[in-house]
Each structure stands twice: as structure tokens, then as C-alpha cells.
Number of protein chains: 2
Amino acid sequence: MYIGIDVGGTAVKAGVVDGEGRVLSRAEVKSEPASDAAMLRAMYSAMLRAMEGAGLSKDDVSAVGIGSSGICDNAKGTIIYSGNIAYDNTAVREFFSERINARIDVENDVNCAAIGEYALYGGGADSFVFVALGTGVGGGIIINKRLYSGLHGGAGEVGHMTLVPGGRLCGCGARGCWEAYASVSALISDARERGGCFSALPAIDGKAVFDAAERGLPEAVEVRDGWIRRVAEGVCSLVNILRPEKLVIGGAVSRQGETLLAPIRRYVAENAYANDVPGIGMTEISAARLMGDAGIVGAAMLHKLV
Amino acid sequence: MYIGIDVGGTAVKAGVVDGEGRVLSRAEVKSEPASDAAMLRAMYSAMLRAMEGAGLSKDDVSAVGIGSSGICDNAKGTIIYSGNIAYDNTAVREFFSERINARIDVENDVNCAAIGEYALYGGGADSFVFVALGTGVGGGIIINKRLYSGLHGGAGEVGHMTLVPGGRLCGCGARGCWEAYASVSALISDARERGGCFSALPAIDGKAVFDAAERGLPEAVEVRDGWIRRVAEGVCSLVNILRPEKLVIGGAVSRQGETLLAPIRRYVAENAYANDVPGIGMTEISAARLMGDAGIVGAAMLHKLV
């Protein structure tokens, strides 16, 4: 049996997961973002509670996967850094290995979500790219059926490719990053800036923009379609660079389904390199299917794919 | 012993190459771009002449690698398409396998150049990206010490990531591709457009722009530095997406050495994601070292890395 631990700035969730990706029990404890030592204890406590829920002892667990925001170096078993949790080359594998005799993996949460989607719905593709649209834009890259994490786990920061030289200031400090145009935060600020029907709303989230556009409000259609276009431009760049068999778009906004996906597929079909050459297959683009459990399931599947 | 065949629109070059990448003999025949059958015969004839030059019989050859412009599907042993040679899902492996009992690989010429650089100077890096700046901008990606060629060999078209949405029309038909700003052709047209000292020159090539800038002519410095900035922005995107251990810049312009490389390294150091996090190593950026023989040597090394 496998344990997946999904570590965020607010909560630490753990689950017992079987070989088919089914979650047999869940537990959640409060996060301790101000101290890495306290955070390690929170992860461990969440794990023990999830095991208790499924009636497991430590001998029943063959692998524990930890997925966290931040930059993780699974070769060393450490979390190097996160913007919202006080990691400092925190030795996660060492901490867990002293407490349980199981394989321990630690990876970035977006990489975990990528692995969860790939393991359960990837159909054994040789190459697979996961793009998470949320507060930021993250990515996970699977090549030759294995997670590709790059030098010190730094690969997959697809949100920080330059889309507009000298453009919007990104949270990372650079200008014109794809994330500054294609994140859901960017969609929301596009809507705020546009005003019109959005001025009347007390709060705007991604769904509100899609809902307003669905109702046919012209400024909402304009904001939504402009944003989808920026998403599509970046997706097309990833297709040109990596030409993966499959590319999956995740994050809550991926629930918009074809409203989001159809224009992205159309843009890629019309603009990808060699799009008109017979015999060149096009990357299959779809929406993520694992939703709330993606973090737990992906972390629990790490041992299979890293 | 290995044979490398470098197929271009003007000439077909072949060489006998040893396990250390030394070229023992060379041969060259005229290209036959109008017919794929004639082109296959030209490749074969170049191979036989190179073997003759080194005094080899077919029994001495364990692998033949063919590198060509265009989209190659090495899984099938075919060249699907090229903009300047009349390939049409041309069965290269089948043609050679009927004539010589050796392993046959066929890959895109930029992928071959990437493999040549990697095999001889890559130092066994797990991940390695090669960027060729020339008439266009091409790329070759090595991951886990193997060429990553993507779906139907379509990966590595790094020149077609979008750098400026709605920007310059690219040769591929899309707008705003990196290639339309960072190729040597773009550098030359930047210079033509700038006029000034360039108006007096009967012909401009990349070297002429660098030479004029070296002499301190302000409009040449402006054109050169603006172009290098566009190159750096795309390189930085590749670093963020793939964070390879090494990234090598090739093409004749890479002979400019530090004049080209130092500003690219500086831009990446200042703008790459997590550039200020201790413990995150930065991709090592350098210039290609194999020059005229890159195509032959890379093709001959294919058997080791695909």
C-alpha cells in the first residue's frame, strides 16, 4: 500500500492509496508553514492518521510520496525552497526514513499532479506534459514514461517562459512571463481591468468570468477569449518544443471543458510547426480528470514514475 | 567503425568515424533534392566513397547514421518531410538495410549536431539542450542521456515557440516565433532595416554585424545587442521549461564566443526562475565546438544515443 502526502501552505493532506490509484482513507492536519521542522512533524502526523483510518501498520506501507509547493530535489530527498513554506534544503527523506522502512520520494506538487494524471489516465504515453492553470502556471513533464525534473528539480517551470518581452511584471520578478497572462489570477485581473459587467460583482473568480461569458455578456466574452488565446499561445510553444503525445490542462478552470479546450486545440492545429504535414501527428490535448485527490494520488504514485 | 551521412539541399557529405568521434575519411557528392529515390542513391554513393577512402568493407561498418534537414521518424526509419528536399515518408532504413548489414538510424540534422556535441563534449550530462542559430533556429534535446525526439520526431522545434504574440511573420506561417527574431536571418534583416553603416555594405551576414559592432559603430552595437537580447529571452524560456544541466549554442555565429555568450548568461542569471535561490544550480551555457564536421560526426554517433 502507498501513502501520498499533499503539503500546502494551509493544510497537509495524506491518504492511503492502492495500486490502482484508489484512495482508501484520508486525513488532514493544519499546516505549519513558518517552520520546516514543525512542517515535517505535521506531514508525519497526517500520514499516521491516514494509516490508522485504513487500519494499516508501518509494515503494510511500501512507499511514501510527499508532494509540496516549492522546488524539490528528489535525488537528494530534500525540499530546497518554497515561496510560502519555510523550507531550507529540508531533508524530508532522511526524516521519514528514520521513522518508516519504505521508499520515500519528494516532488513538487505540480509534478505530483502530473504523475497522478499520467499514471491513471496517461495510457502509457511515452511523453506527456501537464499544465496547471491556477494562481500561477505550473508544469510537469513526463518523458520516456518517467518524470523529467531537470537540474536540481528545476524543470517544468513552463509559466516562466517569456510570452511578451518586456511585458507584465510576473511574481517571479521577470517581465512578460506566460504566467502573467495565462494564470487564473491574470484572468481575474483582466476582468477587473475591463470593468463593465465585472464592476458590479463583489468578487471575481475564474468561474465568474466563464459564467458571464456563457450568459453572452460581450465584455466577458472578450476577456475570456483573450485569456484563452494567451493560454493557447503558450500551449502551442510547448507543443513545438516538446511535441508530447499528450498534453493535459489542469487546475479548477479545466472544469470548463470544451469551452476552454476547443479554442486551444484549434489554435494549436492552426499554428503548431509542421501542422500541415501529413504523417506528423498532433499532441492530444485534454482536461485533467483527477480533481481534489490529485495531490494525494500523484504523491502516492511517485515511486512508479520517478 | 561508423558512417555518418550529412544530407543537405546542396551536398551530401559522408564520413567514416571512429568511436572517439574522429573522422577517418570524407566524401561528398551532389545533392538530388528533387527526387527522394535519387537522394537515397546519392547518400549511398557518398557512403561507399567514404568507406573506400578509409579502406573499409561493408563488414567493417556496424552502424550508419543519416542526418537530414526535415522531420525524421527514426522509430519507423523514415524521413517524413523537408521544406527543401522531396521526401515523402521516404523509407531510408529499408533502403540502406537492403544494401548493408548494419544498424541504420535517421534523424534530423539539428538533432545530429546536438548528439555530436553531446557525445564528444557533453561530459555525460543527464540533460542537454542544443540550440542552432542559422537561417532558422533549431533545437535538439537530450534527456536521461538519450535524444528526446517526441511524437513522430516532432520535438525540438524551439525556434517556433511564440516570443511576440502577433509579431513578425515566421517562415512556418505562424506569427511571432522566436526564430523570426533570433535567427541569423533576423539579425541580417534587423541590420538592413536599421540602415546607417549597413547601407554602405553590398552584402550583410551575421559576422559583418558583429564586426561592425566590434569596431564600435553605434547602430551596429544597437542591432547586435537587440538581437542577442531576443536570443537570450528564448534561451531563458528553455532554461525555465527544461532546466538542463547544459545548453550549447551552435551555428556559425557561435564562433563569436563570449561576445554572444556573456550577455546571454547574464540575462539568464538575472531572469531565470528561482535564480536567487541557493541550492538551485543554473544551466551551464556554452558555444558549440564541433564545427564543419558536426553533421557527419553527430550522424555517426546516432547509434549511441537514440
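Angles under 35 degrees count as roughly parallel, those over 145 as roughly antiparallel, those from 65 to 115 as roughly perpendicular, and the rest as oblique. Such angles run from 0 to 180 degrees between N-to-C directions, and the axes are lines fitted to C-alpha atoms, for helices over the stretch in contact. The model is a predicted one, where local features need pLDDT of at least 70, side-chain atom pairs count only at pLDDT 80 or more, and totals for chains, interfaces and linings use all residues. Residues are numbered from 1 along each chain as its sequence is written, while chains are lettered from A and ligands numbered from 1 in the order in which they are written.

Helices (H or I, at least four residues) and strands (E, at least two) are DSSP runs, numbered from the N terminus. Helix α3 (residues 109–121) of chain B and helix α9 (residues 294–305) of chain B have axes that come within 7 Å and cross at roughly 80°. α3(B) and α9(B) are therefore roughly perpendicular to each other. Two residues are in contact if their C-beta atoms, placed from the backbone, lie within 7 Å. On the α3(B) side the contact involves D109(B), C112(B), A113(B), A114(B), I115(B), G116(B), Y118(B) and A119(B). Across from them, α9(B) brings in A294(B), G295(B), V297(B), G298(B), A299(B), M301(B), L302(B), K304(B) and L305(B). Sorted by kind, the residues of this contact come out as 12 nonpolar, three polar and two charged. Here Ala, Val, Leu, Ile, Met, Phe, Trp, Tyr, Cys and Pro count as nonpolar, Asp, Glu, Lys and Arg as charged, and the others, Gly among them, as polar.

In chain A, α3(A) and helix α9 (residues 294–305) pack at an angle of about 75°, with their axes 7 Å apart. That makes α3(A) roughly perpendicular to α9(A). Among the residues that meet there are D109(A) and Y118(A) from α3(A), with M301(A) and K304(A) from α9(A). The residues of this contact divide into 12 nonpolar, three polar and two charged.

The expected span of a helix is 1.5 Å times one less than its number of residues. For the 13 residues of α3(A) (residues 109–121) that gives 18 Å, and the end C-alpha atoms are 18 Å apart, which agrees. A residue is buried if 20 or more other C-beta atoms lie within 10 Å of its own, exposed if 12 or fewer, and partly exposed in between, with C-beta atoms placed from the backbone. By that count α3(A) is mostly covered, with 11 of its 13 residues buried. The buried ones include N111(A), C112(A) and E117(A). Just after the helix, G123(A) takes a positive phi of about 60°.

Next comes the meeting of the two chains. Chain B gives 40 residues to the contact and chain A gives 40 residues. In chain B, β6 (78–81) and α7 (218–242) each supply at least two residues of the side that touches chain A. The largest share of that side, six residues, comes from α7(B). Overall, the side of chain B that touches chain A divides into 22 nonpolar, 14 polar and four charged residues. The same surface serves both copies, as 100% of the contact residues of chain B recur in chain A.

As for α7(B), its 25 residues should span 36 Å at 1.5 Å a residue, and its end C-alpha atoms are 36 Å apart, which agrees. α7(B) is mostly covered, with 18 of its 25 residues buried. V221(B) sits in this helix and counts as partly exposed, with 15 C-beta neighbours inside 10 Å. Just after α7(B), R243(B) takes a positive phi of about 35°.

R243(A) lies in the loop between α7 (218–242) and β12 (246–250), and its phi is near 35°, a positive value in a residue other than glycine. With 28 C-beta neighbours inside 10 Å, R243(A) counts as buried. K145(A), in the loop between β10 (137–143) and β11 (146–148), has a positive phi of about 65° although it is not a glycine. K145(A) is partly exposed, with 14 other C-beta atoms within 10 Å.
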